[in-house]
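Subject: Model for your review

Hello,

Here is the structure I said I would pass on. My notes on it follow below.

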Amino acid sequence: MKAALAIFTCLLLGTCSQPPGILERILRTGELRVVTLNSPSTYYLGADGPQGPEYELAAQFAADLGVALNIYSASNARELRKEIASGHAHIAAAGLALEQTAPSGSSYGPSYQLVKEHLIYRSGTERPDDLLTASRAGRIEVASESPHAATLARLRIAHPEIHWEENPEAEIDQLLYRISQGTLDYTVADSNEFAVGRSFHPDIAVAFDLDQGKSLAWLVNTRDASLLSRVVTYFSAIDADGRLTDILQRYYAKKPISSALHARNFIVDVREQLPKYLELFKTAANEVNLDWRMLAAISYQESK
């Protein structure tokens with residue numbers, strides 16, 4: 001009763017104050033919370049700390065706002081969407097396709113990249129001509145509740161014989177790794193995911209495209225329009241001054257064939273040669289207070 005009376009008095013006297021908007025709360029707390037997925041095409045921990053195109057885009061946005069970036073990864077796409085739906089995350093930045101429905105209380109920001117979906121297979125094996133052939137010849141696996149699963153479901157309307165498996169724990173880099181190792185026949189990857197993944201898994205290849213292209217965008221908390229408006233302004237600015245192109249080019253520019261060959265040789269050496277000397281590197285690194293990986297890298301380079 002007292003609470004109701006207080007609200008009535010507030011309305012009558014015009015003394016009610018509106019709660020601060022999302023953007024104002026971010027500026028007051030000095031923290032931007034961004035949820036993402038852990039992958040080479042989004043966000044990962046490299047030798048020099050956090051890296052990845054989504055990380056760089058988010059870091060520059062936080063810097064433009066003058067706040068600290070709190071970026072963290074969800075275990076899968078379902079958990080990522082829960083983070084934005086609950087309001088815990090201000091932004092979900094993970095190469096999300098505009099075609100998917102936005103969770104309640106959120107909206108997509110502007111498109112910043114156009115990608116295609118590829119069917120991926122292992123180089124040196126027989127390349128399927130279409131999805132039905134691939135489905136009959138081997139096993140197709142994608143992450144559960146991913147845009148790739150949605151694409152396959154849409155294509156199955158015209159071809160009910162198409163079948164695939166959905167893995168709730170899978171991440172795209174894991175699937176690409178299994179393709180390269182020959183333990184999985186096919187998966188689906190966006191063109192940007194393939195561009196980055198091929199540097200780590202040079203044996204993967206594109207069989208064919210599944211679509212004509214789709215747009216990627218951030219999911220933004222839109223319980224009010226303040227943050228979305230600022231995101232729109234930000235992407236317009238970095239598109240105009242070339243920062244967006246610079247980030248995308250650094251991660252997705254096509255690598256020469258020699259780079260793929262070097263990557264393949266390096267992966268083989270890490271798997272077959274490194275275990276022979278690992279304990280020696282670790283012992284020596286402890287004695288001189290260095291990271292053992294630094295000694296291993298120097299040794300590998302000098303041995304070439």
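A salt bridge is taken here as a side-chain nitrogen of Lys or Arg within 4 Å of a carboxyl oxygen of Asp or Glu. Lys and Arg count as positive and Asp and Glu as negative, with His and the chain ends not counted. Buried means under 20% relative accessible area, exposed over 50%, and partly exposed in between (1.4 Å probe, protein chains only).

This is a predicted model, in which local features need pLDDT of at least 70 and side-chain atom pairs count only at pLDDT 80 or more, while totals for chains, interfaces and linings use all residues. Residues are numbered from 1 along each chain as its sequence is written, and side-chain values use heavy atoms, with hydrogens and water left out.

R81 lies in helix α4 (residues 77-86); helices (H or I, at least four residues) and strands (E, at least two) are DSSP runs, numbered from the N terminus. R81 is buried but has no salt bridge. The nearest side chain of opposite charge belongs to E145, 6.1 Å away. Leaving out residues up to four places away in sequence, R81 is in contact (heavy atoms within 4.5 Å) with Q100, T101, A102, P103, Y108 and L219.

Q100 sits in the loop between β5 and β6 (106-108) and counts as buried, at 17% relative accessibility.

E145 is in the loop between β9 (141-143) and α6 (147-156). E145 is partly exposed, with a relative accessible area of 40%, and has a positive phi near 55 degrees although the residue is not glycine.

Helix α2

In α2 (residues 22-29), the buried residues are I22, L23 and I26. They cover an arc of only 100 degrees around the axis (taken from the directions from the helix axis to the C-beta atoms), so they are on the same side of α2. These buried residues pack against β1 (31-37), α3 (53-65), β13 (214-221) and α9 (226-241). After α2 comes G30, with a positive phi near 75 degrees.

Nonpolar cores

A nonpolar core is a set of buried Ala, Val, Leu, Ile, Met, Phe, Trp, Tyr and Cys residues joined through side-chain atoms within 4.5 Å. The largest has 32 residues, and L57, F61, I91, W218 and L227 have the most contacts inside it. Its largest share, six residues, comes from α9. A second, separate core of 17 residues includes A134, A149, A205 and A207.

Regards
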